[in-house]
Amino acid sequence: MIKRAVVVGGAGAVGRLFAGRLLASSAEVTVIDTAASCDVPGARYVRGDITAPGFRVGAEVGHADLVVLALPETAALSAVPEVARELRPDAVLVDTLSVKQPITRAVRDAAPGVQAVGLNPMFAPSLGFENRPVAAVVVHEGPRTGEVLRLVEEWGARVVRVGAQEHDRIAAAVQALPHAAVLGFGLALRALDVSAADVAAVAPPPANTLLALLARITSGTPEVYWDVQAANPGAEAARSALDEGLRRLAEATGGSADFAALLADARAALGPGLDHYRDTCARLFHHV
């Protein structure tokens, strides 16, 4: 049972999510962050830099059953060797990065004997774990890694185990690609000099949905969305595939038969899920 947990970066949204759930699971939680304060009720707060830990930060890590690195990629990669030096042999290290190959390599190089698992909640922290997928990349298997995954499932999430390379390939398709498409829509509106008010006055449900997605993404933390686009090795290919799709769309407007073939090709991406997603869209548009 995880009795003592340390959440590094617990002043951020993802860190607060994990700290709050660990507290609700009866763990004693210490938040380590460089921020001036932390707003996780019930957690002990230690202000410090995990990449250059002093005695108190090191002691907290050394007494923990679980250490969560809820940090940007650069800080997390720098923290791994420091954390590895302090962790108990039976403790487990968790990262929450949206890109898994670099952190997986770092853990294998600097902490070969440390139980470790990378988690990527595939949703905004404000939505919570219930009925949502969490991608899990097990770096070093052990009793504690299994305990962490069971705990996340108890929080209501659906754990999907993947390898680091497969995680990044899929994440490029389900995060980098949709974000790029929505941001491209917003930039196109600006280029066309069409305001949201102009759109809203006559907008059908698809346009309203895109406006809502644009508002959500552009109201978020820039570093989070930058990380998805810049750090994932598959993001560039995803954006290139989107460019190619738009090029094919432009070419297909030359004839109805070509356009019908294009729709059929795009529809094939849905596979046997076509009816499910069509019904989901109908329910969504009922509320838009």
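Modeller: Helices (H or I, at least four residues) and strands (E, at least two) are DSSP runs, numbered from the N terminus. This is a predicted model, in which local features need pLDDT of at least 70, side-chain atom pairs count only at pLDDT 80 or more, and totals for chains, interfaces and linings use all residues. Residues are numbered from 1 along each chain as its sequence is written, and side-chain values use heavy atoms, leaving out hydrogens and water.

Start with the whole. The protein has twelve helices and eight strands. Its C-alpha trace spans about 70 × 35 × 30 Å along the principal axes. Of its 288 residues, 41% are buried. Buried means under 20% relative accessible area, exposed means over 50%, and partly exposed lies in between (1.4 Å probe, protein chains only). Contact means heavy atoms within 4.5 Å. Take the contacts between residues at least 6 apart in sequence: 63% of them join residues at least 24 apart.

How far apart should its ends be? The expected span is 1.5 Å times one less than the number of residues.

Which residues of H3 are buried? They are Glu73, Ala76, Ala79, Val80 and Val83. An α-helix has 3.6 residues a turn, so residues three or four places apart point the same way. What do the buried residues of H3 pack against? Their partners are helix H2 (55-62), strand S4 (66-69), strand S5 (92-95), helix H4 (101-110) and helix H9 (222-230).

H5 runs over residues 143-154, twelve in number. The buried residues of H5 are Arg144, Thr145, Gly146, Glu147, Val148, Leu149, Leu151 and Val152. Their cover includes H1, S4, S5, S6, S7 and strand S8 (158-161). Just after H5, Gly156 takes a positive phi of about 105°.

Leu23 is partly exposed, with a relative accessible area of 22%. Leaving out residues up to four places away in sequence, Leu23 touches Val29, Val40, Pro41, Gly42 and Ala43. Arg4 is 19 residues from Leu23 in sequence, and their C-alpha atoms are 9.7 Å apart.

The loops on either side of H1 come next. Ala11 lies in the loop between strand S1 (4-8) and H1. Its C-alpha is 8.5 Å from that of Thr34, 23 residues away along the chain. Ser26 lies in the loop between helix H1 (13-24) and strand S2 (28-33). Its phi is near 75°, a positive value in a residue other than glycine. Ser26 is exposed, at 57% relative accessible area.
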